[in-house]
Amino acid sequence: MFIPHGTLVAVLDGRALKLHRNSGEETHPKLTPLPVPTLAGHGGDAGKGHRSSSANPDHHTAEEDCFLAAVADWLNGQAVAGKIEHLVVVAPPRALGELRRHYHKPLAEKVLLELHKDLTDRPLAELEAALVHAKAS
């Protein structure tokens with residue numbers, strides 16, 4: 001997969017977010033870690049309407065959904081402000097599905113790749129390799 005220079009790479013799960021910028025070439029990404037934004041005030045009401053069910057069995061899942069909505073809200077704001085030109089999102093399938101529910105059109109238009117993997121706690125070299133071998137979804 002070609003990841004343009006300057007692309008924002010968001011690696012997350014239901015509890016953690018890591019941001020990187022591709023400072024390398026399109027075919028050989030070199031990810032530079034970025035500071036994690038403060039998500040307080042983003043997505044505050046998300047997940048409050050969730051009830052326990054087989055699709056959303058517990059309080060923990062509702063907290064994860066709230067976190068993912070806050071991440072999406074922050075990303076939406078960055079896209080609208082013109083601070084994201086291209087975006088790659090790496091997340092486990094359930095987290096990615098929940099995040100995707102909150103994309104606004106300006107953000108959705110910036111997404112180059114959604115990689116369905118849990119790489120939040122993996123070494124940076126493993127993330128870079130996964131991006132090189134990924135196919136656009």
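A salt bridge is a side-chain nitrogen of Lys or Arg within 4 Å of a carboxyl oxygen of Asp or Glu. With that in hand, a search of the whole structure finds eight salt bridges. This is a predicted model, in which local features need pLDDT of at least 70 and side-chain atom pairs count only at pLDDT 80 or more, while totals for chains, interfaces and linings use all residues. Residues are numbered from 1 along each chain as its sequence is written, and side-chain values use heavy atoms, with hydrogens and water left out.

**View 1. Arg-94 and Glu-64 pair across two helices.** The closest N and O atoms of this salt bridge are 3.1 Å apart. Arg-94 belongs to helix α2 (residues 93–100) and Glu-64 to helix α1 (residues 59–80), so the pair ties together parts that are 30 residues apart in sequence. Helices here are DSSP runs of H or I with at least four residues, strands are runs of E with at least two, and both are numbered from the N terminus. Glu-64 is buried at 18% relative accessible area, and Arg-94 is partly exposed at 40%. For these words, buried means under 20% relative accessible area, exposed over 50%, and partly exposed in between (1.4 Å probe, protein chains only).

**View 2. Arg-100 meets Glu-114 in a salt bridge.** Here the N to O distance is 2.8 Å. Arg-100 lies in helix α2 and Glu-114 in strand β5, so this pair ties together parts that are 14 residues apart in sequence. Glu-114 is buried, at 11% relative accessibility, whereas Arg-100 is partly exposed, at 37%.

View 3. Glu-109 is exposed at 57% relative accessibility, and Lys-105 is exposed with a relative accessible area of 60%.

**View 4. Glu-98 sits in helix α2.** At 8% relative accessibility, Glu-98 counts as buried. Its side chain makes a polar contact with the side chain of His-102 at 3.2 Å, and another polar contact of 3.2 Å joins the side chains of Glu-98 and Arg-101. A polar contact is a pair of N or O atoms within 3.5 Å; within protein, one must be able to donate a hydrogen and the other to accept it, and residues adjacent in sequence count only if both atoms are side-chain atoms. Leaving aside neighbours within four places in sequence, Glu-98 is in contact (heavy atoms within 4.5 Å) with Asp-65 and Leu-68. Glu-98 and Leu-68 are 30 residues apart in sequence, yet 6.8 Å apart in space from C-alpha to C-alpha.

**View 5. Helix α4 has a buried face.** Within α4 (residues 124–133), the buried residues are Leu-127, Glu-128, Ala-130 and Leu-131. Seen down the helix axis, they fall within an arc of 160°, so they line one face of α4; the arc is that of the directions from the helix axis to the C-beta atoms. These buried residues pack against β1 (8–12), β2 (17–22), β3 (31–34), β4 (87–91) and β5 (111–116). Ala-125 and His-133, on the other side of α4, are exposed.
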